[in-house]
Amino acid sequence: MIITSKSNPKVKAFASLKEKKFRKESGEYLIEGVKMVKECLAAGKGVTAIACTEEYAQTFQDALLVSEEVFHYISDEKSPQGVCASVKIPDSAPRPPKGSCILLDGLQDPGNVGTIIRTANAAGYSEIYLINCADPFSPKAVRASMSGIFFADVMSGTAEEVLTALSGIPLVCADMGGQNVFDFAKPQKFCICIGNEGNGISKTVKSKCIYTVAIPMRHTCESLNAAVSAGILMYLLGSGNM
């Protein structure tokens, strides 16, 4: 049976996950697209329910079958593919890292947060810490992570909680006034710190940084996008976990 009502409780539960308040209440987040749903299932990341249109009924046989109109109501995409799933949000309490890691300090663009998670997964940084950042489980961040969210340990907390978890790990801050990163001799284990898009690293985090590095740029360029900077630094410094 195809559900055609937007007031159906299961439909409303899916649609509510577009909002942070309801993600927090339910402990779940929304993912969309055939590839992402399949990868989440393969990774065993706690899919709690799947919804799809009739086009994908054979692919996802246990899914909640909904009309195209209802799926557009559920979806956060402008042109949805027709498959989505609700997924359990993993425990995000800050814990000490097992290897080199990355700290995002005050990033407000969910696209940047998601893109950094995607790149961190590719570059072998399995642990990502967030202080005062956009929600990494928002639809835009999840979309930008391109399934990286399934393979990274994303931890959020107050500055005190995160810095306590990182105690003893040398913090390497990205700042335009720092040492040329190409001349930087990295420690064996470290944490790359990326600051707010407009204001950079907060005073609290900067006060704990052992090293400060800069990416050299032509005088015609004022700065780099936070996600681009993070990607360059992650690959230049290397995680040792590839």
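Arg 143 is partly exposed, at 30% relative accessibility; the term covers values between buried (under 20% relative accessible area) and exposed (over 50%), with a 1.4 Å probe and protein chains only. The model is predicted: local features need pLDDT of at least 70, side-chain atom pairs count only at pLDDT 80 or more, and totals for chains, interfaces and linings use all residues. Residues are numbered from 1 along each chain as its sequence is written, and side-chain values use heavy atoms, with hydrogens and water left out.

**Salt bridges**

- A salt bridge is a side-chain nitrogen of Lys or Arg within 4 Å of a carboxyl oxygen of Asp or Glu; by this rule the count comes to 9.
- Arg 143 forms a salt bridge with Asp 76, and the closest N and O atoms are 3.3 Å apart.
- Asp 76 lies in the loop between helix 4 (68–74) and strand 4 (83–88), and Arg 143 lies in helix 6 (residues 139–145), so the pair ties together parts that are 67 residues apart in sequence.
- Helices (H or I, at least four residues) and strands (E, at least two) are DSSP runs, numbered from the N terminus.
- Asp 76 is also partly exposed, with a relative accessible area of 30%.
- Arg 95 meets Asp 91 in a salt bridge of 3.5 Å, N to O; Arg 95 is partly exposed at 29%, whereas Asp 91 is exposed at 54%.
- Asp 153 and Arg 95 also meet in a salt bridge, at 2.7 Å from N to O.
- This pair links distant parts of the chain, 58 residues apart: Asp 153 is in strand 7 (residues 153–156) and Arg 95 is in the loop between strand 4 and strand 5 (101–105).
- Salt bridges that share partners join Asp 76, Glu 77 and Arg 143 into one network.

**Nonpolar cores**

- A nonpolar core is a set of buried Ala, Val, Leu, Ile, Met, Phe, Trp, Tyr and Cys residues joined through side-chain atoms within 4.5 Å.
- The largest core has 49 residues, and those with the most contacts inside it are Ile 31, Ile 102, Leu 104, Ile 192, Ile 194 and Met 234.
- Helix 9 (residues 226–237) supplies the largest share of this core, 6 residues.
- A second, separate core of 17 residues includes Leu 103, Ala 165, Leu 171 and Ile 201.
- In soluble globular proteins, nonpolar side chains tend to be buried together.

**Position of Val 228**

- Val 228 lies in helix 9 and is partly exposed, with a relative accessible area of 42%.
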